[in-house]
Amino acid sequence: MKIHEYQAKELLSRFGVATTRGGVAESPEEARRTAEELSSELFVVKAQIHAGGRGKGGGVKLAKSPDEVEELASEILGMQLITHQTGPEGQQVRKIYVQQGLDIERELYIGVVLDRSQSKLVLMASQEGGIEIERVAAETPEKILTETVDPVVGLQPFQARKLAFGLGLETSQIRSAVKFMTNLVTMVETLDASLAEINPLAVTPTGDIVALDAKINLDDNALFKHPELPELRDPHEEDPLEIKAHENDLNYIKLDGDVGCMVNGAGLAMATMDIIKLAGGQPANFLDVGGSASVVTVRSGFEILMSDPNVRAVLINIFGGIVRCDRVAAGVIEAMSQVNVDMPVVVRLEGTNAREAAELLDASDLEFSVAKSLEEAANMVTSTLN
């Protein structure tokens, strides 16, 4: 789950990670009041959307007075901000963050990410602050310093000091840097975050280490342990179909193609998308109804597929292991009876109770095609698009 920058900074502050002072606003008047409370000589007005590159898109601007903050807020709020992560359609700005401006001596990068190959957290640091870390990794990977965090003993002080020295920090700044890194890793471990990025990390002329920006991703699968965190979700920043899928306990990710896919199991879903592409089609989504699919979940999945205006054909590919094929067939029949379906539907069911499922499909008076193999199903569904 992604959260906004202002929410990320609130979490950082809770764990003793130094951040800039600021406040969130949803109107120009509120932005002005926030600036007046900060009592700073310089302000930064930042659009709050779940995407990077906001500055290049015109979503981050400097102001020298509360009057100017209010003026810039009126320009940014409501704009359709387009960045390299939003796509050409952009994202509407509904909130802004007004933060104090700082005198900055250096900009660095600090990040904590879950390395799935090691099943451990990795603390990363670089002197190339303010630049996308992906670009640094691609062009100058030697400038990225890393330390693996042992899940038993945690981040050790010597590891943090090693990174601090590698960043070229002065002796007087090392203690602050070690505290910053230690608290950051503690926050990630405690909240079950999958990513925490501080970019840029500011070093002030007085030697303070402060997070100018912050990006935190939380693990959806661990939210049940943190009942206060789901409140941070912003439905405006997520695809409506993905929200509906989440409410129905379905794993759904919208893609750019036109073949809607309903599959049980993540591996089979990826294989289904691959074979659709191999047959010349483009999958419109990843939709996993899970191993315990019921009539209700199948119907909900079908409704989500039908709600996507890009979908021109549907492929239902179910392998009956834990889930019974006849239960899926019943869900398909019920969904097609209740939802307006004006496109080709190809069904491939194999495994537990596949024969009973075939009898249910044959006995219904609904229009769909039945395939015996995955290859045949992919060829059938893509041929309907030509």
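1. Contact here means heavy atoms within 4.5 Å. By that criterion, and leaving aside neighbours within four places in sequence, N285 is in contact with Y252, I253, K254, L255, V259, G260, C261, M273 and L305. Before going on, a word on the basis: this is a predicted model, in which local features need pLDDT of at least 70 and side-chain atom pairs count only at pLDDT 80 or more, while totals for chains, interfaces and linings use all residues. Residues are numbered from 1 along each chain as its sequence is written, and side-chain values use heavy atoms, with hydrogens and water left out.

2. Staying with N285, this residue sits in strand β15 (residues 285-288); helices (H or I, at least four residues) and strands (E, at least two) are DSSP runs, numbered from the N terminus. Is N285 buried or exposed? N285 is buried, because its relative accessible area is 0%, and buried means under 20%, exposed over 50%, and partly exposed in between (1.4 Å probe, protein chains only). A polar atom of the N285 side chain lies 2.8 Å from the backbone oxygen of C261.

3. Now the overall picture. The protein has 12 helices and 18 strands, and its C-alpha trace spans about 80 × 50 × 40 Å along the principal axes. Of the 386 residues, 49% are buried. Among contacts between residues at least 6 apart in sequence, 68% join residues at least 24 apart.

4. Helix α1 (residues 5-14) is mostly covered, with seven of its 10 residues buried. The buried ones are E5, Y6, Q7, A8, K9, L11 and L12. Just after α1, G16 takes a positive phi of about 80°.

5. Axes are lines fitted to C-alpha atoms, for helices over the stretch in contact, and angles run from 0 to 180 degrees between N-to-C directions. Angles under 35 degrees count as roughly parallel, over 145 as roughly antiparallel, 65 to 115 as roughly perpendicular and the rest as oblique. The crossing of α10 and α11 is right-handed; a crossing gets that label if the near helix is turned clockwise from the far one by less than a right angle, and is left-handed if anticlockwise.

6. Which residues of α10 and α11 meet? On the α10 side they are C325, D326, A329, A330 and I333, and on the α11 side A354, E356, A357, L360 and L361. These divide into eight nonpolar, no polar and two charged residues. For the classes, Ala, Val, Leu, Ile, Met, Phe, Trp, Tyr, Cys and Pro count as nonpolar, Asp, Glu, Lys and Arg as charged, and the others, Gly among them, as polar. An α-helix has 3.6 residues a turn, so residues three or four places apart point the same way.

7. Helix α5 (residues 157-166) and helix α6 (residues 171-191) pack at an angle of about 125°, with their axes 9 Å apart. The two are therefore oblique to each other, and their crossing is right-handed. A160, R161, L163, A164 and F165 of α5 make the contact with I174, A177, V178 and M181 of α6. By class, that contact has eight nonpolar, no polar and one charged residues.

8. A few backbone details are worth a look in your viewer. The peptide bond from N199 to P200 is cis, with omega near 10°, and P200 lies in strand β10 (residues 193-203). S39 is not a glycine, yet has a positive phi of about 50°. S39 belongs to the loop between α2 and β2 and counts as exposed, because its relative accessibility is 62%. D192, also not a glycine, has a positive phi of about 55°. D192 is in the loop between α6 and β10 and, at 21% relative accessibility, counts as partly exposed.

9. Finally, two more residues. H50 lies in the loop between β2 (43-47) and β3 (60-63) and counts as buried, because its relative accessibility is 16%. Leaving aside neighbours within four places in sequence, H50 is in contact with K2, I3, H4, D234 and E237. A266 belongs to helix α8 (residues 266-278) and is partly exposed at 37% relative accessible area. Not counting residues up to four places away in sequence, A266 touches F286 and D288.

How values were computed: A polar contact is a pair of N or O atoms within 3.5 Å; within protein, one must be able to donate a hydrogen and the other to accept it, and residues adjacent in sequence count only if both atoms are side-chain atoms.
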